[in-house]
Amino acid sequence: MASSTSLAKRLLLGRPFRSDKLQHTLLPKRIALPVFASDALSSVAYAPDEILLTLSIAGAGAFIISPWITLAVAVVMITVVASYRQNVHAYPSGGGDYEVATVNLGPRAGLGVASALLVDYILTVAVSTSSGVNNLGSVVPYVAEHKVPFAIGAIAILTALNLRGLRESGTAFAIPTYAFIALILFMILTGLFREFILGQDLQAPSAGLVITAEDDHLTSFGFAYLLLRTFSSGCAALTGVEAISNGVPAFKPPKSKNAATTLMLLGGIAIVMLVGIVVLARLTHLQYVEDQATQIISGPPGYDQKTVTAQLAETVFGAGSFLLYATGAVTALILFLAANTAFNGFPVLGSILAQDRYLPRQLHTRGDRLAFSNGIVLLAFAAIVLVVAFQAETTRLIQLYIVGVFVSFTLSQGGMIRHWNRLLRTQRDPARRSRMKRSRAINAFGMGLTAAVLIVVLVTKFLLGAWIAIAAMVFLYVLMLGIHKHYTRVAQELLPTEERPILPSRNHAVVLVSKVHMPTLRAVAYAQATRPDTLTAVTVNVDDKDTRKIQEEWERRQIPVPLTVVDSPYREITRPIIDFVKGIRRGSPRDVVTVFVPEYVVGRWWENLLHNQSALRIKGRLLFEPGVMVTSVPWQLRSSQDRDLDRLDRTLSRAPKRGPRTRSAEVEQPPTDDEEART
């Protein structure tokens, strides 16, 4: 009978996968697109909001510039997609920007990229879920009133889905992702058809608002700064593009070709939707402000500002229509699922960093469903902390965003330039050299453009919150350097030398005695069976009366092992034993001392509090003594017989259970003669 926790785990995550089933979790392009590209695709739900919101600082007249800002963002996206198509062909192992920078620019540059990407992945989850809650709150007011719990719930659901494995989570995400694409494109086409073919004058719910600028006296420099800030906010649409280069190993063969095709599809769909939404917003005279309370001078009574997507859906499909609610639902859902890009990228990158000794080794192992479970859980925890800290406010979180992704963009393209330069030094085939030079030109243009965007982002967003993301990157960078130094130092200490290991001269055995009972007698018998050079039983004299009883019982039973009594005038147990053991070794450094510690094996957690405390302290202290071996001699109490050993196995080992602990009646066979002989 499975335990309740095991049953709940199986219901939530499913049955464990064997390691040889890993190939069955690889993704075709139709599933890989929603799995890896949902972040970049969903950014069209909040990037237009950020563009219009920032322009509103200069007043309603500034909205006319929004299509040009969007066009500039589209140019950057085309460049980045073209650049990353070179990356996935050159480095298909899944290291992505981290591998490119490490191989071509050195480990320190690679570590900088990794720290930037880790922070960006965490922010992706926080921003996507917060934006999803805001969009859902535009349709369901109750959600808007409880944004933080809903955002945390969404992260928990995403965590469970990803712990089930890539293919199952990809299938679950494919339907809403494609539904979002279809509805947004249908909304754009319907709006353009009604405007240009039917000649209807569509007016967004916010078209009649009278708004005022936050600053009516912007200088030329101030207005230029505002345009740069708007552009940097719109560049949030580029987040998630790099996830495909990190997830190439999850694609079905041919991996690089499928990943490059998925990148092209991602770029094309995202650009069409982003430009379409902003153009439709201008045609419907949609207005979106940063501070509703101070910027809106007059408007309909009780007006509550909705997101850009929600306003356009209401304008095109009509208030209260089914398609309006469907658009709001799939928009919120795709924003929740956009975090799945990070849930696929963060654990893979964490596993690679752990393999390179920059993160704890636990992040390198796969869970029951062949997913990197520890990385998934760590990402979810960090994102929840951000959601709670910023109260699920997208506008506040977006200021921390995209810094990391443009750091990785720039360093990655710089690494690719060096990659092509290195290959061109040895390549003599004219056709291949021509292709390499073309690829180098694409990466060089991409590096220049992304570096310029990075400077703009740093200048315009640093004081608005980007400094927090930068500080987090620096912290992760220093932390990973420290972890790497620790692992390197430990590896050097454990490296075998050319000298043969020297056998110990003698083995002195010491049995610790607290009472003359069955655990002690078993420890003495086991110590005798090891045939040490010397064998001594030791008890600490804390109470004279108890010590005399031990001595009398020892003599009465005629135990053929000398009993040594160590005085402890201050009633301490650990220190006298340590001093006694040190005294044995002091004579010869090549001698070893084996200390046998009798221990109770109990079945209930609270029994551990009542037993073995002295033994734990002594063992913990002896482990620091060179030349001292500590051996536990267990004595199973009756309560241990009721312990759920299968559950204990699952706790102590991450590997799936191979079968029952005992043979069933059907398969149990009598032992052969050889087995009896071995026994």
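This is a predicted model: local features need pLDDT of at least 70, side-chain atom pairs count only at pLDDT 80 or more; totals for chains, interfaces and linings use all residues.
Residues are numbered from 1 along each chain as its sequence is written, and side-chain values use heavy atoms, with hydrogens and water left out.

The protein has 26 helices and seven strands, taken as DSSP runs (H or I of at least four residues for helices, E of at least two for strands) and numbered from the N terminus. Of its 679 residues, 49% count as buried, that is, under 20% relative accessible area with a 1.4 Å probe and protein chains only.

Two packed helices are described by the angle between their axes and the distance between the axes. For helix 6 (residues 107–139) and helix 8 (residues 147–163), the axes come within 9 Å and cross at roughly 125 degrees, the axes being lines fitted to C-alpha atoms over the stretch in contact, with angles from 0 to 180 degrees between N-to-C directions. Contact here means heavy atoms within 4.5 Å, and the residues making it are Val125, Thr129, Val133 and Asn134 of helix 6 together with Lys147, Phe150, Ala151, Ala154, Ile155 and Leu158 of helix 8.

Thr327 lies in helix 15 (residues 322–355) and, at 1% relative accessibility, counts as buried. Its side chain reaches the backbone oxygen of Leu323 at 2.7 Å. Leaving aside neighbours within four places in sequence, Thr327 is in contact with Leu183, Ile184, Thr309, Ala313 and Phe317.

Key. Buried means under 20% relative accessible area, exposed over 50%, partly exposed in between (1.4 Å probe, protein chains only). A polar contact is a pair of N or O atoms within 3.5 Å; within protein, one must be able to donate a hydrogen and the other to accept it, and residues adjacent in sequence count only if both atoms are side-chain atoms.
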